[in-house]
Structures are given as C-alpha cells and as structure tokens.
Amino acid sequence: MRFKLVLAIGNPGAEYLHTYHNAGVMAFEYWRSRSDAASIPLTNRPTFSYIRYQNLIGCISRVFMNTSGVAARDCASFFHIEPNHLLVVHDDSDLTVGQFRLCFDRGAGGHHGIESIIQHIGTSAFWRFRIGIRPSLTPDGIPLPHLPAGSFVLSPIPHHDRTALTSVFDQFSDCIDTEIVHETP
C-alpha cells in the first residue's frame, strides 16, 4: 500500500472553510461524503482530527496552514506511520484550477505548509496530492493575469471554480478508494 495515512491541510475556522487554501480539506470531506466513511465521526486530538476507515487513517489538520508540520509529525507519531506512507492533500498555486498531481518526494515549491511538514518530519519523502487553485479565468471567461498566490489563497472560491474543483475531488476520491480496495503488500 502506498499510503496508510492521509492528512488534509488547510486553515481551521469557519471563515476559511470555502477558501482556495482549504482545497485539501474540502477534497477530504468530499471523499468522506461519498463513502461509508461519512458515518464515522471524527475523533479530535490537539493538532488533528481523524477517522479509521478500513485500512486507512484519514486526518484533518487542526492547525493553520503554515504550521502544518506540527499536525503531520503528531499524526505520524500517534499512528506509528513512516513518512513514505503519508499522503498530504493540499492546495497548490502552481497549478490552475481543475489540475492536480500525485507525486512523491518533491520539494515544497514555496508552499509554506509543505515547508513546515518537511521541516517537522525531517524528509520530503512522502506522497502529495496537489490540487490546483490558481484561477485562470473570470466568471465571464476573461483570462486573468498571473497573480501572486497571497492575493487569492484566502479568498472564497467562486461557483465556476468550485465546479472545476469537484472534478479534482472526484479524482482524489478515486485515488483513495483505489488504495483501500487494491492494497499492495
């Protein structure tokens, strides 16, 4: 099995719930809502909440994005999971809305949450499901200039981008379901 522990990172609090920076948490909650995992209540720990579902542990960070490493370290330690079996699901402003990448052992690429994780677990050798959040068009289809990530990551996601993100959330859900069903030795 490639990953045994999935950690969704974002920012806690209702004001951040539907912002681009919370795409990872939204993807995790989307997967839960379409699976039997929806009936399993989250158990809260100081830095993360979790469920156990079949052969997978799913966690949501309860700390702010830039300190995600604390949650990753605490999850991995609490469940005795090596970093190479960790999948972090997160937003990525290097990819446009509707794009995603599954990768292993990559640098942070300027993402402060991933920098924190690498620092706290001592390696970049973990899995990442990168969800594109860079808006490329206005609701009217007009191309947007290349904006600095800080100018939009904490903005609410407009309807047209939510629609595009839903297809990525489907891909994330399929990725998780495949791992659960097709466990490898």
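The chain of this predicted model contains four helices and seven strands; helices (H or I, at least four residues) and strands (E, at least two) are DSSP runs, numbered from the N terminus. Along the sequence, these elements follow the pattern β-α-β-β-β-α-β-β-α-β-α. The radius of gyration is 16 Å, close to the 16 Å that the globule rule gives for 185 residues, so the chain is as compact as a globular protein of that length. This radius is taken over C-alpha atoms, and the globule rule is 2.2 Å times the number of residues to the power 0.38. Along the principal axes, the C-alpha atoms fill a box of roughly 50 × 35 × 30 Å.

Residues are numbered from 1 along each chain as its sequence is written, and side-chain values use heavy atoms, with hydrogens and water left out. Because the model is predicted, local features need pLDDT of at least 70 and side-chain atom pairs count only at pLDDT 80 or more, whereas totals for chains, interfaces and linings use all residues.

Of the 185 residues in the chain, 47% are buried. Buried means under 20% relative accessible area, exposed over 50%, and partly exposed in between (1.4 Å probe, protein chains only). The accessible surface of the chain comes to about 8600 Å², and 55% of this belongs to carbon and sulfur atoms; the areas come from the Shrake-Rupley method with a 1.4 Å probe, and for residues only the protein chains shown count as cover. Among contacts (heavy atoms within 4.5 Å) between residues at least 6 apart in sequence, 70% join residues at least 24 apart.

Residue S49 lies in strand β3, residues 48-53. S49 counts as buried because its relative accessible area is 7%. Not counting residues up to four places away in sequence, S49 touches L42, T43, N44, G58, C59, I60 and R62. The side chains of S49 and N44 are also joined by a polar contact of 2.5 Å. A polar contact is a pair of N or O atoms within 3.5 Å; within protein, one must be able to donate a hydrogen and the other to accept it, and residues adjacent in sequence count only if both atoms are side-chain atoms.

Residue E29 belongs to helix α1, residues 23-33, and is partly exposed, with a relative accessible area of 31%. Its side chain makes a polar contact of 3.3 Å with that of R32. Residues up to four places away in sequence aside, E29 touches L42 and I60. E29 and I60 are 31 residues apart along the chain, and their C-alpha atoms are separated by 9.1 Å.

Strand β5, residues 86-96, holds D92. D92 is buried, at a relative accessible area of 6%. The side chain of D92 reaches the backbone nitrogen of D94 at 2.8 Å. With residues up to four places away in sequence left out, D92 touches R128, R130, I131, G132, I133 and R134.

Two loop residues were also examined. H80 is placed in the loop between α2 (68-79) and β5, and its phi is near 55 degrees, a positive value in a residue other than glycine. H80 counts as exposed because its relative accessibility is 71%. D105 is found in the loop between β6 (100-104) and α3 (112-121). Phi of D105 is near 55 degrees, again positive in a residue other than glycine, and D105 counts as partly exposed at 43% relative accessibility.
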